[in-house]
Amino acid sequence: MAQIDDFLWTYQNLLASLGVNGLLALSMYVVLAIGQLSLGQAAFMGLGAYASALLTLKLDAPFPAVIAASMLVPAAVALVIGAPTLRLSGVYLALATVSLGEILRVVLVESDLTGGALGLSGIPEKAGLPLIFACLALALVAFTLICRSRIGRAMEAIREDEIAASASGIDLPAYKMAALVASAMLAGLAGALNAHISSFISPNEYGFDAAVTILSFALLGGIGSPFGPVIGAFILTLLPELLRPLHDYRLVVNGLIIVFAVLFMPHGLLVWPIGRIGAKA
Amino acid sequence: MTHAPKLSPSRRSVFLCALLGFAVLARGAEAADPITIGAIEILSGPNAKYGFSIKNGFDLALEEVNRAGGVRGRPLAIAYEDTGGSKEQAINAARQLIARTKAPLLLGPTLSTEMFAVGPIANERKVPIIGTSTTANGVTAIGPYVFRTSLPEADVVPVTLRTAQAKFGVKKVAVLYGRDDAFTKSGYDVMKAALEKLGVETLATETFGAKDTDFSAQLTKIKSLDPDAVVMSALADAGAGILLAKEAQGFAPKVRFIGGNGLNSPKVLEIAGAAADGLLVGSPWFIGKTDAANQKFIADYKAKYGGEPDQFAAQAYDALHVAASAINAAKDVTGEAIRDALTKTKIVGVTGPLSFTPDRDPADSSGVLVLEVEHGAFKILD
C-alpha cells in the first residue's frame, strides 16, 4: 500500500497531465470532427484556468461552482466570437483563432487582476486524480454515444463534404457553433483542473505553443474516433517522461518517434471509426 | 593512414594495470554510500544556457567538497533532472527526486516561475529546496522549506539606484520595462518601490514587449522629458536594442542608463558595442572581483570547462557549498534536520558572505557590486 501511495505521489502530476491533456485532445477532436481547424483551444483553456483560479483565490468560491464557471466563461466567449469567426473556414479560421490566443495573452499580461506576466501562484490543490479521470471518462462516454448517433453521422457528413451535408438538410451553422462551444467548455474544464493541481499558472502557458501541442495530440492519435486523440495525448505526455533516462538524447528520440509515427501512420494511430447504432456491416 | 594506433603488448599491460588501479581507487572512494541530493535545472531548450552554467557551478563545487572528504564522511552526489523550462516537467522532476531518489535536499529550479510550481511540493514533503537563480518577489514566501541563495532583485536594484543617486546626482528618471515577461515585470516592481523610497521623481513609465526590436517611440518621448537617467528592466537582447536606439537618437552621454540583473550580461556589450558605455548595472558577483576565493574559482572553472564562469555559475557554486555545510551540520540526513541547519549556515563564498534571513532569503547584500561599462567592458564603479 505504501508503495502504491509512493508511486501515486511521484507520478501524480504526470497522471493528472494525462487526464488534462486527454480532455484537451477531445476539445480539439470536437472541432476537427466537423472538419474545422480551430486553434483556440489553448486560449479557452487559459480562460478556464484563470477564471477558476481567480474565483478560488479571490472569492474562495466552492469548488463545484468554480468548475462550472471554468466551463461557462469560455462557452460564453465562444458564443460571442463564434458568430463572426465561423463564417471563416480552413486556414483563415485557424488564423483567427490563433489570434484569439494572442489577444488573451496580451490581456492577461496587462491586467493587474491576473498578476500580469508573473501569473497566479498559490492555487490550492483541489482537483484530485479521481475527479480528473472521472471527467475524462465522462467526456469519452458522451462522445462515443454521440458518434454512434444521428448527430455523429451528421458531423461526419459535414467533415466529408459541407455542401452535400447542407443540401441534405443539416443545419451547418448550428453544428459549427455547438462544436465550438463544446470545445471551449472542455478546454476550460481542462484548464481549471490543471490550475488546481499544479498551483501556478502564467499567461505564457496558453500561447501558440500550447495550441499547436493540443493540435498534435489529435493529429498523432487520429480523428477517426474520440479515442484516437486521447491516445495521442497520452503518448505525447508520457514520452518525455519515459525517455528521461536517455538524458541528453531525450528530445532527439522524442522527436524521431513522432516523425516516424506521422510518416508511417499519416491518419493517426487509431483510424477505426466507432460503429453506428443500426449500421449494417 | 586511418588505422587506430595499436598498443604494443607491454604498453597494453601498463594500460590495463592503470585501468585496474583506477577501478580500485574508484571503488575505494565509493565504499561509503554517497549522499545524493537532487538538482532541477533547464538542461534543454532555449534557456539551457542558464541551466548548464548552474550545473557547471555545482559540479565544480561538488568536486571540491568530495576532494575535502565529502559530507559526514560520505561522498556527496547530485542527481540532475531536466525541466526543459516547463512547469509540468519541473513538477515531475521534483516528485521523482523526492520520492524515488529520496533526495534529502533539492537545488534549483532555474526559473522563478518553475519555483512557484515546485516549491509547494518540496514544502509538502518537508524537503528543503534552494533556488540559486530565482530572483522574483515572493519565492521564499511559498513555505518554510524554500530557500534561495540568489539575491532577489529587491536587494540588488536599490543598491544600484542609491549609488547612481549619490554619484551622479540623479533626481528625475524615466522608467522603461518589458511588460510581458515575469522576470522584467518583477524587476520593474522593485525599481518602482526603490525609486519611491529614494525620493527620485519618475517622469514617465514606458513599456515594451519581449519580442520588440524597435524602441524609438518610447525613447523619443523619454528624451523630450529630459530625465537625468533612464532606469530599465529588460533582458539582454531588448536591453541592448534600447541602448543602440538611444545612441541613434543622440541622448546626451550624461543621461545614465541603469539596468537590473538582466542587463548584467556580456551579451549586452556584444550587441550594443560603444552604445553600452556608461551603462550602470548591479550584480551579486563580478568576474573582475580580485579576492583570492573568487580568483581561485575563476581559475578552477576555466581549467575544468575552458570558458569563463558567469554569475549563475558563481551563485550555484556558492549554493552547493552552503548545502554541503548544512548537511554536515545537520543532526541527521533528513529534510527537517537539513532545513534547521540551513537556517544557521554561514559561509563566505565567491559572491560574498552568505547566510539566510528568518524568511530564508540571503541575509547579506554587502556582496552587491555596481558595475559601469567603460570602453566596452564592465568594471566596478568606485
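Tutor: The largest nonpolar core has 194 residues, and those with the most contacts inside it are A:Leu24, B:Ala94, B:Leu106 and B:Ala323. Such a core is a set of buried Ala, Val, Leu, Ile, Met, Phe, Trp, Tyr and Cys residues joined through C-beta atoms within 7 Å, where buried means that 20 or more other C-beta atoms lie within 10 Å of a residue's own, with C-beta atoms placed from the backbone. The largest share of this core, 15 residues, is supplied by helix H8 of chain A, residues 172-198, a helix being a DSSP run (H or I) of at least four residues, numbered from the N terminus. From chain B, the core draws at least three residues from each of domain 1 (35-151 + 290-355) and domain 2 (154-283), with bounds that come from an automatic or database domain assignment.

This is a predicted model, in which local features need pLDDT of at least 70 and side-chain atom pairs count only at pLDDT 80 or more, while totals for chains, interfaces and linings use all residues. Residues are numbered from 1 along each chain as its sequence is written, and chains are lettered from A and ligands numbered from 1 in the order in which they are written.

Leaving aside residues up to four places away in sequence, A:Leu24 touches A:Gln41, A:Met45, A:Ala187, A:Ala190, A:Ile214, A:Phe217 and A:Ala233, contact meaning C-beta atoms within 7 Å. Between the chains, 21 residues of chain B are in contact with 21 residues of chain A, and helix H3 (87-99) of chain B is among the elements that give two or more residues to chain B's side. H3(B) gives the largest share of that side, eight residues.

Conventions:
Buried ≥ 20, exposed ≤ 12 C-beta atoms within 10 Å, placed from the backbone. Contact = placed C-beta atoms within 7 Å.
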